[in-house]
Amino acid sequence: MSLAGTSFRTFVLYPLLVIAFELWLNDGTLRLQAWALPLLAWGYVQYRLAGRYRLRLGGGGPGMDNPPERLVTSGPFALCRNPMYLGHLIFLAGLALSLRSWVGAALALGTAVWLQFRVRRDERRLAQRFGEPYMQYCSRVKRWIPAVF
């Protein structure tokens, strides 16, 4: 996990910042909502497992700096074109909800907007790399939420 990478920001830096801010704002106490904690685990596990799956089947490296060598359309990628990025968003939603944090919510929203731009760029690169099979995949599988968006 690179210190400058998206994963470091999502899973290490942002939680530390949100916790520090909430401790400062609430006189050293956290307003923890235990019901939202499973979202943190779900988001992180989804990110890790989808990433391993993509690396195993698609080759390349993590992220688009070292793009996949083969198009992966099965497993979690049969449900959503961006299950790893979606894992980031689920984790950040869990962070905001579990700490009842408007700073966490702002980070989640900002990350969602940033990821939308990043996904559009990634899609252009994947379309150039894989051509018609990728375009057919895009017509079958939603970008973010299975069967919705």
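The lining of the second largest pocket splits into five nonpolar, two polar and three charged residues. Here Ala, Val, Leu, Ile, Met, Phe, Trp, Tyr, Cys and Pro count as nonpolar, Asp, Glu, Lys and Arg as charged, and the others, Gly among them, as polar. The model is predicted: local features need pLDDT of at least 70, side-chain atom pairs count only at pLDDT 80 or more, and totals for chains, interfaces and linings use all residues. Residues are numbered from 1 along each chain as its sequence is written, and side-chain values use heavy atoms, with hydrogens and water left out.

Helix 2 gives the largest share of this lining, six residues. Helices are DSSP runs (H or I, at least four residues), numbered from the N terminus. The second largest pocket holds about 190 Å³. A pocket is an open set of points on a 1 Å grid over the protein atoms alone, where a 1.4 Å probe fits, with protein on both sides within 12 Å along at least five of seven lines; lining residues have an atom within 4 Å of a point. A volume is the space filled by probe spheres set on the points, which are joined across faces, edges and corners.

The largest pocket has about 670 Å³. Its lining counts 30 residues, with Arg54, Gly63, Met64, Met84 and Tyr85 nearest the centre. Helix 4 gives the most, six residues.

Tyr85 also belongs to the contact (heavy atoms within 4.5 Å) of helix 3 with helix 4. That contact has 11 nonpolar, three polar and two charged residues.

Definitions and conventions. Helices (H or I, at least four residues) and strands (E, at least two) are DSSP runs, numbered from the N terminus.
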